[in-house]
Amino acid sequence: MGGLLRGNTDEKECRKISMTDISEAEKQPSKSLNPNILSVLKLSFNHLPVYLKPCFAYCSIFPKGYLFDKTVMVQLCMAEGLIQSQGKERVEEIGNGLFNELVLRSFQRLNLERKVKYYRMHNLFHDLAESISGAYCCQVIHEYIRSNLTPKVLHVSMILNENVEQPVLKIINETKKLRTLLFPSGHLKDFGNTIHKTFKALRYIRVLDLSSSTISQLPKSIGKLKLLRYLDLSKTEIIMLPDTICNLCNFQTLKLLGCLSLHELPHDFGKLVSLRHLELDRRFWHNSATMLPPGIGRLNSLHNLHTFQIQLKNGYGIEELRDMVYLTGTLHISKLENTGNAREENLKSKESLHKLVFEWSVEEDGDTATRDEAEEERILSDLQPHSNLKEIQICSYRGSIFPVWMKEGQIQNMVTLSLHHCTKCKTLSICGLPHLEEPYIKEMRELEEWMELENQFQSLLVLKIGDCPKLRKLPHCFPCLTSLKIESCYSLKALSETPYLEVLTLVDNLALEDWNEVKNSYLNLLELKIDCCPKPNVLPPQFLPQKPEITGCESLTSLLASEYSRRIRHLALDGCQNGLLVGAILETSSLFSLVISNISNVVSFPKWPHLPGLKALHIHLCRDLVFLSEEQGAFQVGLTHLKLLSIQGCPQLVMLPGEGLPKTLECLTLDSCPKLESLGPKDVLGSLTCLKDLYIMDCPSLKSLPEEGVSASLQHLVFKDAPY
């Protein structure tokens, strides 16, 4: 009763509902296995708004337990004419509202078992839907027809094994005005020789599902299915679509996902003026853009056009996009150098677009002199998008300045901005974007400075800058930034203040030397990766990273201050000369994993610190290493809880520690150590009572295993390229 009254603001209707005798409804006879419950649920259905009842009943065509995709259900209901347009509101928006209302009224429920949002109908509600749809809907499950198959049946779903030929023939022979033929399961289907008969018989069909089948071509007679609105050919072997498909004036949805053999659409595809949803793989959009038919702009009801390549011939100009006001999601416009009047594209009218990509071609010889800088600035200025846009990506732009609409707050909702290969811009000024969170700047080879603007970087959370060799200066402070990556910025000497930074990645920044540390500047740091930054010789004193990874930093001689080493969990040292950083590892109980690789000019590691928490030690590609420690007993004393030891690519290593290995060891890997002669004392493997996995590969000098044998705990033993 509460569910019926919820959300109802009409007093008269509320009184009518409250006077309903549920106890009487429970006594009503029913053929269901749960007659009383079904009668009560029927009462809920009776009080559904009229516009919801057909959509609910239609769900009975699917099997119990079926996971509903809201977008697909809306497309199906549109094709069946169950959703009526109201004023200027899009039918898809109305359909989403109807589905959400069914969920709110518990007729559908969200399935929480998957990351993607799917919905499932309770079995009792499914029984109710079946009792209502009765004579008009039919399910065929493994050749068993669940309800009477009569000429009145309009909607059929079939869950069959591979061969569907005979069941389909039976359906089309016994139904006269079939509107729906669905195959909800994803099993591969073989229609045999029925496909031509099927198309001739389905004169009233509106929804046709041929997905996951062996069909490779459609008959030309598809052009006679004038009422067809929804066709799914996903995961088929279809090679091309017949030209007659362009005669379907009521066509709304065409699904071609996973059609790997399909490389082009019919020449007259633009005649499908009612088409709203065209679903193709990214592979098709990005690799076959030149194969889009001309005059695509006639599809002014289309909601998704992922890629449009401008060409200097009729039917491929930017004006084709002018009337496509319903486009949603992502639109990638390429070869913008072929643009005439960019204002004809009318981007400001496309309020449902989420992401825009503007791309100019890259010259094969790298010559930019032939490009008109002023013309490209005019084009980009004319491409002003709707203020709802969330993401913009600009590629290979040759203007030296960016348009006013990027700097004066005219796209207030933008969250992500990507500038790629914009090689003429020397000064970057980004302002008036209060919700900008993620700017990405790459291959701006002339960029020298990012202008300092007061209170303009409050919203930035993630910043990535790469291949900007002349960049000398960044804004002084990014107060809310949590992730920063700077790569191949050879002129940058100082970092910005980032008091809340959690992830810092610095790669190949030859001049960087000033961390710009202020009090507590790096106290929130979780991950630090420094690769080929030769200038810094010390890390900031307030560094507290949990996961530092340091590669090829020749001048760096010390790690974290002792009072901050308690936070470290994982440490990787790679390509560091003379092993100084290995000797700088401080005693700590928090270090869990240690990777040492590409350390040259080191015969033996210095005394191992006391690392009682260390569980995994990897020593790789240390070409001069002969002994693991210069002090006897260091392995046993310092690494008391080690579980995994991996030594690979150490060609000079002669022996493992003479005192043996930590007793807690569970996995030992020795690979590509050609001079390794000894694993340690005679009982080294027998004393490792926790050892489960032993892998020895490409160690030809190791003549035999220790005399005392191996521990009884060993479960996996692998020898490869060993003499024994």
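**A walk through the strands, loops and cores**

Leu594 sits in strand S26, which covers residues 593-597. The model is predicted. Leu594 has a relative accessible area of 0%, so it is buried. What does Leu594 touch, once its neighbours within four places in sequence are left aside? The contacts are Leu571, Ile585, Trp608, Leu614, Ala616, Leu617 and His618. Take Ala616 from that list. Ala616 is 22 residues away from Leu594 in sequence, and the two C-alpha atoms are 6.3 Å apart in space.

Now step out of the strand. Asn598 lies in the loop between S26 and strand S27, residues 616-620. Is Asn598 buried or partly exposed? Its relative accessible area is 34%, so Asn598 is partly exposed. The backbone deserves a look too. Most residues other than glycine have a negative phi. Asn598 is not a glycine, yet its phi is positive, near 55°.

Where is it? Ser396 belongs to the loop between strand S15 (391-395) and strand S16 (416-420). Ser396 has a relative accessibility of 4%, so it counts as buried.

A helix comes next. Helix H8 spans residues 123-133. Which of its residues are buried? They are Phe125, His126, Asp127, Leu128, Ala129 and Ser133. An α-helix has 3.6 residues a turn, so residues three or four places apart point the same way. In H8, Phe125 and Ala129 are both on the buried list. After the helix comes Gly134, with a positive phi near 35°.

Turn to strand S21, residues 483-487. Ser483 is part of this strand. Its relative accessibility is 18%, and the cut-off for buried is under 20%, so Ser483 counts as buried. Beyond its neighbours within four places in sequence, Ser483 is in contact with Leu461, Val462, Leu463, Leu501 and Val503.

Next, the interior. In soluble globular proteins, nonpolar side chains tend to be buried together. The largest nonpolar core here has 168 residues. Which members touch the most other members? They are Leu218, Leu231, Phe358, Ile394, Phe402, Trp450 and Leu504. Helix H9, residues 165-174, supplies the largest share of this core, with 4 residues. There is also a second, separate core. It has 31 residues, including Phe56, Ile61, Leu102 and Val207.

Setting aside its neighbours within four places in sequence, Leu504 is in contact with Leu484, Leu495, Trp515, Tyr522, Leu525, Glu527, Leu528, Lys529 and Phe543. Glu527 and Lys529 are among these contacts.

Last, the cysteines. How many disulfides does the structure hold? The count is 0. Cys59 has 2% relative accessibility, so it counts as buried. Then look at Cys673. Its closest cysteine sulfur belongs to Cys699, at 4.9 Å, again too far for a bond. A disulfide needs the two sulfur atoms within 2.5 Å. Cys673 is buried too, with a relative accessible area of 0%.

Methods. Residues numbered from 1 in each chain as written. Predicted model: local features only at pLDDT ≥ 70, side-chain atom pairs only at ≥ 80, totals over all residues. Heavy atoms only, no water. Core = buried A, V, L, I, M, F, W, Y, C linked by side-chain atoms within 4.5 Å. Buried < 20%, exposed > 50% of the residue type's maximum accessible area, 1.4 Å probe, protein only. Helix = DSSP H or I, 4+ residues; strand = E, 2+ residues; numbered from the N terminus. Contact = heavy atoms within 4.5 Å.
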